[in-house]
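Welcome! Keep the 3D view open as you read.

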Amino acid sequence: MTLREKQSAFMWMLADLIRHADHLGYELTMGRGYASVAANKADNGHPNSNHLNRLAIDLNLFKNGRFLTETDDHEPLGIYWESIGGTWGGRFNDGNHYSLEHNGVK
């Protein structure tokens, strides 16, 4: 699958995740989406981050108006994300990170 095809698949998966979050009573806002190489370095991001490839997003999670910041708060969504083929950052201590693997990078 080409990078462009993966980017398209990622967007459809993200739409599915957003619908699932709503079904569970969560509200989402976008945290970090695409990051340029310079912005990624400034943020101490991984040099091969899939944010650079437009295959990752960090999501802000809310329930009943409360901002949820812990990795465990994201677990129901993370497990769902993995079930549809994504990689959830909660497996490596970055709970709000949702990505699609590309060239071995998660």
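## Contacts and overall layout

Among the contacts in this protein between residues at least 6 apart in sequence, 60% join residues at least 24 apart; contact here means heavy atoms within 4.5 Å. This is a predicted model, in which local features need pLDDT of at least 70 and side-chain atom pairs count only at pLDDT 80 or more, while totals for chains, interfaces and linings use all residues. Residues are numbered from 1 along each chain as its sequence is written, and side-chain values use heavy atoms, with hydrogens and water left out.

The protein has three helices and five strands. Helices (H or I, at least four residues) and strands (E, at least two) are DSSP runs, numbered from the N terminus. Followed along the sequence, the pattern is α-β-α-β-β-α-β-β. Of the 106 residues in the protein, 36% are buried; buried means under 20% relative accessible area, exposed over 50%, and partly exposed in between, using a 1.4 Å probe and protein chains only.

Let's look at H1 and H3. Their axes are 10 Å apart and they pack at an angle of about 140°. For these values, axes are lines fitted to C-alpha atoms, for helices over the stretch in contact, and angles run from 0 to 180 degrees between N-to-C directions.

Which residues in H1 meet H3? Phe-10, Met-13, Leu-14, Asp-16, Leu-17, His-20 and Ala-21 do so, and their partners in H3 are Leu-77, Tyr-80 and Trp-81.

## A cluster of rings

The structure holds three aromatic pairs. Rings of Phe, Tyr and Trp (its six-membered ring) pair if their centres lie within 6.5 Å; planes under 30 degrees apart count as stacked, over 60 as edge-to-face and the rest as tilted. One of the pairs is formed by Phe-10 and Trp-81, which are edge-to-face at 5.8 Å centre to centre, with 90° between the planes. This pair links distant parts of the chain, with Phe-10 in helix H1 (residues 3–23) and Trp-81 in helix H3 (residues 71–83), 71 residues apart. Phe-10 and Trp-81 are both buried.

Why is the pair of Trp-81 and Tyr-98 edge-to-face? The ring centres of Trp-81 and Tyr-98 are 6.0 Å apart and their planes lie at 90°, so the pair is edge-to-face. Here too distant parts of the chain are linked: Trp-81 is in helix H3 and Tyr-98 in strand E5 (residues 97–99), 17 residues apart. Tyr-98 is buried, as is Trp-81. Phe-10, Trp-81 and Tyr-98 form one aromatic cluster.

## The nonpolar core

A nonpolar core is a set of buried Ala, Val, Leu, Ile, Met, Phe, Trp, Tyr and Cys residues joined through side-chain atoms within 4.5 Å. The largest one has 17 residues, of which Phe-10, Leu-17, Leu-59, Leu-77, Trp-81 and Tyr-98 touch the most other members. H1, strand E1 (26–30), strand E2 (56–63) and H3 each supply at least two residues of this core, and H1 gives the most, with five residues.

Leaving aside neighbours within four places in sequence, Leu-17 is in contact with Leu-59, Leu-77, Tyr-80, Trp-81 and Tyr-98. Leu-28 is found in strand E1. Not counting residues up to four places away in sequence, Leu-28 touches Ile-18, Ala-21, Leu-59, Asn-60, Leu-61 and Leu-77. Leu-28 and Leu-61 are 33 residues apart in sequence, yet 4.9 Å apart in space, C-alpha to C-alpha.

## Loops and exposed spots

Most residues other than glycine have a negative phi. Asn-64 has a positive phi, near 55°, and lies in the loop between E2 and strand E3 (66–68). With a relative accessible area of 79%, Asn-64 is exposed. Asn-103 also has a positive phi, near 50°, and is found in the segment after E5. Is Asn-103 buried or exposed? Its relative accessible area is 69%, so Asn-103 is exposed.

Phe-92 is found in the loop between strand E4 (87–88) and E5. At 42% relative accessibility, Phe-92 counts as partly exposed. Not counting residues up to four places away in sequence, Phe-92 touches Thr-87 and His-97.
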